[in-house]
Amino acid sequence: MAWHGLEEHDHIVEQFRRAIARDRLAHVYMFTGPAGVGKRRFALLLAKSLFCRERSPQLLDPCGHCRSCRLIGSEAHPDLLLVAKPEDRAELPLELLIGGRQERGQEGVCRRLALTPQLADRRFLIIDDADYLNPEGANALLKTLEEPPPGAIIVLLATSLAKQLPTIRSRCQVVRFRPLSRRLIVRLLSETLQLASRAEAERVALYSGGSMQVAMELLEPRIWESRTELCEHLSRYPLPIVPLGELISDFVTPDRKKDDSDADADGSKRGQSVRARNRLRYALLFAADFFWRTLGWKWGIEDVQNLPYDPDVLKKSLKAWHAEDRLLAAAERTVLALDHLERNVNRSVLILSWLDDLAKIQLGTTTGVLRLVSRG
């Protein structure tokens, strides 16, 4: 069943139906889950349901034709407030929340939320990219979260509770959105895009983490070319640390020389970090998968016909790493690197530390005891 085209979130729809029926709708929500699973679309559908002039909010079934529904659909309703991080900024600017230095408290979305609704009986605020609220912005938002205007509803969209400041998190009712199923991603890719084969959709869905946004990014051919190169490098003995580092750096930030020269004081260089961080996540996922698949092939778990890698490369990898316990340690070290990435560790430090540890594991000079990487 799909709620107005939004699939696999029916349990959340029922949760809100019950809350509205009991008049227990909260004032502040935090929607968490991977990017590209439908959190923003759900928030807009919720606003449309509450603002619809033809059907009761309790039905949670907006007509889609009335003036309010059409205005929400075009994101032009005067009582719908939307805030998102600009693409060239690393954080949500404080001025979007409470105005610039000359208009503190007189401008910004917090001020507009407190104004009298124009068409509806309430105002609805969606704060996208809540992961990028800095302490100053969070403190500015805190009073509004503690004492929202009568009837107002605030929805913060985030990818992880761990990235939220405790003062913000504690004032929100958390709604967790699950990753989309691989089956759904394969179907959506096959229906909406002209892919070469279903196998391509299956391959992309495997690494998507349940996110359609990631799946769309993974359609880029260069990503798969880099995966092939990465796995070929990881199957060598001794591990070619310098070429590997250069390969990953080129993949993560292909235009890094241009980025360095174009960076300016307002943080535009840092604003490019999200894409680079996603690219590094793909590289680490590919590496971890390669190590696990090599082990699976060795243990007879993986069918050679269904492997996403050349068996000759896997054979070469087994010889290069000498022992199964070293491959296992390499896989675990890569998973740890993924965890460090989610904790916003400095990318350069993370890559160097990870490759250095892989080299030591391959040589047998470490048992896989893993160092902590300083945050950057």
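Entry 1: I began with His4, which sits in the loop between strand 1 (2–3) and strand 2 (6–7). This is a predicted model, so I read each value as a computed one. The phi of His4 is positive, about 50°, although His4 is not a glycine. I noted that this stands out because most residues other than glycine have a negative phi. Is His4 buried, exposed or partly exposed? I found His4 partly exposed, with a relative accessible area of 33%.

I then turned to His322, in the loop between helix 15 (311–321) and helix 16 (324–342). His322 is not a glycine either, and its phi is positive at about 70°. Its relative accessibility is 46%, so I put His322 down as partly exposed.

**Entry 2: a cis bond.** Which peptide bond did I mark as cis? I marked the one from Tyr237 to Pro238, with omega near -5°. For comparison, most peptide bonds are trans. I located Pro238 in the loop between helix 11 (221–234) and helix 12 (241–252).

**Entry 3: cysteines.** How many disulfides does a search of the whole structure find? I got zero. A reminder to myself: a disulfide is a covalent bond between the sulfur atoms of two cysteines. I wanted to know why Cys63 has none. The closest cysteine sulfur to that of Cys63 belongs to Cys52, and at 3.6 Å this is too far for a bond, because the cut-off is 2.5 Å. Cys66 has its closest cysteine sulfur in Cys69, at 3.5 Å, which is also too far for a bond. I noted Cys63 as buried, at 14% relative accessibility. Cys66 is buried as well, at 8%.

**Entry 4: cavities.** I searched the whole structure and found two cavities of 30 Å³ or more. Which helix gives the most to its lining? I found that helix 11 does, with four residues. Helix 11, helix 12 and helix 14 (273–298) each supply at least two. Among the lining residues I listed Ile223, Arg227, Phe251 and Phe286. Sorted by type, the lining of the largest cavity has seven nonpolar residues, one polar and one charged.

The second largest cavity has a volume of about 30 Å³. I wrote down its lining as Ala130, Leu133, Lys163, Gln164, Leu165 and Ile168. These divide into four nonpolar, one polar and one charged.

Notes:
Residues are numbered from 1 along each chain as its sequence is written. This is a predicted model: local features need pLDDT of at least 70, side-chain atom pairs count only at pLDDT 80 or more; totals for chains, interfaces and linings use all residues. Side-chain values use heavy atoms; hydrogens and water are left out. Buried means under 20% relative accessible area, exposed over 50%, partly exposed in between (1.4 Å probe, protein chains only). On a 1 Å grid over the protein atoms alone, a cavity is a set of points where a 1.4 Å probe fits but cannot get out, and a pocket is an open set with protein on both sides within 12 Å along at least five of seven lines; lining residues have an atom within 4 Å of a point. Grid points are joined across faces, edges and corners, and a volume is the space filled by probe spheres set on the points. Ala, Val, Leu, Ile, Met, Phe, Trp, Tyr, Cys and Pro count as nonpolar, Asp, Glu, Lys and Arg as charged, and the others, Gly among them, as polar.
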